[in-house]
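Here is a short tour for a first look. Keep the sequence and the 3D view open while reading.

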Amino acid sequence: MIDIRGVSFSYDSVQAVRDVTAKIESKQLVALTGPNGSGKSTLLKMLARVLTPAAGSIEFEGRNIRDWTPKDYAKRVAYLPQDPDPAFPMRAIDVVVSGRAPFLGRFEWESDADYGEAARALEMCDASSLADRYLDEMSGGERKRVFLARVLAARPKLILLDEPLGSLDISHVQQVSDLLRDIVKRTDATVVYATHELNWAAAYCDRMLVMQRGALAFDAPPDELMRADVVRRLFGFEARVVEGWIVPAQPLPGERSPRSGG
């Protein structure tokens with residue numbers, strides 16, 4: 001699917017990503033996590049061809065991503081940035097159908113079939129009821145569903161999402177996490193998304209990549225990450241694992257603190 005080989009990138013004199021190598025297979029849900037400023041967004045932008053690596057190479061389906069025409073790449077790879085668009089008066093269905101742009105000719109308008117794909121994508125995101133509503137009338141969680149539907153309207157093989165769980169309440173975090181898992185199952189696509197939600201990522205993902213200071217520090221299934229010693233090493237805080245979830249290393253209700261004595 002996607003083969004990343006020794007990729008690096010710098011903003012002026014600041015190195016954001018350094019010598020990252022990873023191979024991501026098809027039909028996987030992959031979480032990309034790590035502290036702020038660790039290079040997650042920059043790596044996603046290189047995969048999306050928004051940025052060009054200063055060193056190394058990226059291959060998609062056996063071809064260097066720079067060998068694909070922009071239109072052909074856009075048909076297969078979709079990217080949703082962290083803040084895709086401000087809320088402005090535009091109907092959800094019109095936002096979603098714009099995801100069909102790579103399939104249109106230069107002066108061609110969207111067809112009934114394109115609107116059918118848009119309706120299908122909204123339904124997959126449990127957002128059909130939002131079709132005729134305007135973005136500036138929606139909550140943040142509703143807008144996220146609309147923009148995710150826009151990505152799905154193109155039926156991409158690789159979906160790149162930057163912080164799709166950000167700024168969501170816990171109920172919507174669960175719903176979107178479940179939706180990402182369902183997308184992989186129902187479309188056979190690979191989804192790679194940046195997140196700080198370790199517990200939710202571990203509960204739903206096939207694989208977790210952890211970035212540290214621009215480098216790839218960890219690449220393994222979730223159960224290998226969700227251990228107190230690994231979390232301490234990668235994220236620098238004391239934690240405990242309770243039924244597979246990471247929680248702060250402090251006494252739970254009813255437990256005696258180890259410092260309290262007695």
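## An open sheet

In strand E5, Arg63 is the bridge partner of Phe60. This is a predicted model. Strand E4 covers residues 55-60, and two bridges join E4 to E5. The two strands run antiparallel.

E4 and E5 belong to an open sheet of four strands. The order is E2-E1-E4-E5, with antiparallel pairing. E2 and E5 (63-64) are the edge strands, each pairing on one side only. In a regular strand, side chains alternate between the two faces of the sheet.

Helix H1 spans residues 40-47 and lies across E1, E2 and E4. H1 runs at about 120° to E1.

## A hairpin

Strand E9 (residues 207-212) and strand E10 (residues 215-220) run antiparallel. Five bridges join them. Within this pair, Val210 stands opposite Phe218 in E10.

E9 and E10 form a hairpin. How many residues lie between them? There are two, and Arg213 in the turn has a positive phi of about 50°.

## Positive phi in two loops

Most residues other than glycine have a negative phi. Asp12 has a positive value, near 55°. Asp12 is found in the loop between strand E1 (2-11) and strand E2 (14-24). Is Asp12 exposed or buried? Its relative accessibility is 80%, so Asp12 counts as exposed. The cut-off for exposed is over 50%.

Asp188 also has a positive phi, near 65°. Asp188 lies in the loop between helix H6 and strand E8 (190-194). Asp188 counts as partly exposed because its relative accessibility is 36%.

## The largest pocket

Rolling a probe the size of a water molecule over the atoms shows where empty space is left. The largest pocket holds about 350 Å³ of space. Its lining has 20 residues. Which of them lie nearest the centre? They are Gln82, Asp83, Pro84, Gly140 and Lys144.

H5 gives the most, with six residues. By class, the lining of the largest pocket has nine nonpolar, four polar and seven charged residues.

## The second largest pocket

The second largest pocket has a volume of about 270 Å³. It is lined by 16 residues. Closest to its centre are Ala78, Tyr79, Gly99, Arg150 and Val151.

Strand E6 (77-80) and H5 each give two or more residues to the lining of the second largest pocket. Which element gives the largest share? E6 does, with four residues. The lining of the second largest pocket divides into twelve nonpolar, two polar and two charged residues.

In the largest pocket, H5 is the main contributor, with six residues. In the second largest pocket, the largest share comes from E6.

Key: Residues numbered from 1 in each chain as written. Predicted model: local features only at pLDDT ≥ 70, side-chain atom pairs only at ≥ 80, totals over all residues. Heavy atoms only, no water. 1 Å grid on protein atoms, 1.4 Å probe; cavity = no way out; pocket = protein on both sides within 12 Å on 5 of 7 lines; lining within 4 Å. Points joined across faces, edges and corners; volume = space filled by probe spheres on them. Nonpolar A, V, L, I, M, F, W, Y, C, P; charged D, E, K, R; others polar. Pairing = 2+ DSSP bridges. Buried < 20%, exposed > 50% of the residue type's maximum accessible area, 1.4 Å probe, protein only. Contact = heavy atoms within 4.5 Å. Axes fitted to C-alpha atoms, helices over the stretch in contact; angles between N-to-C directions.
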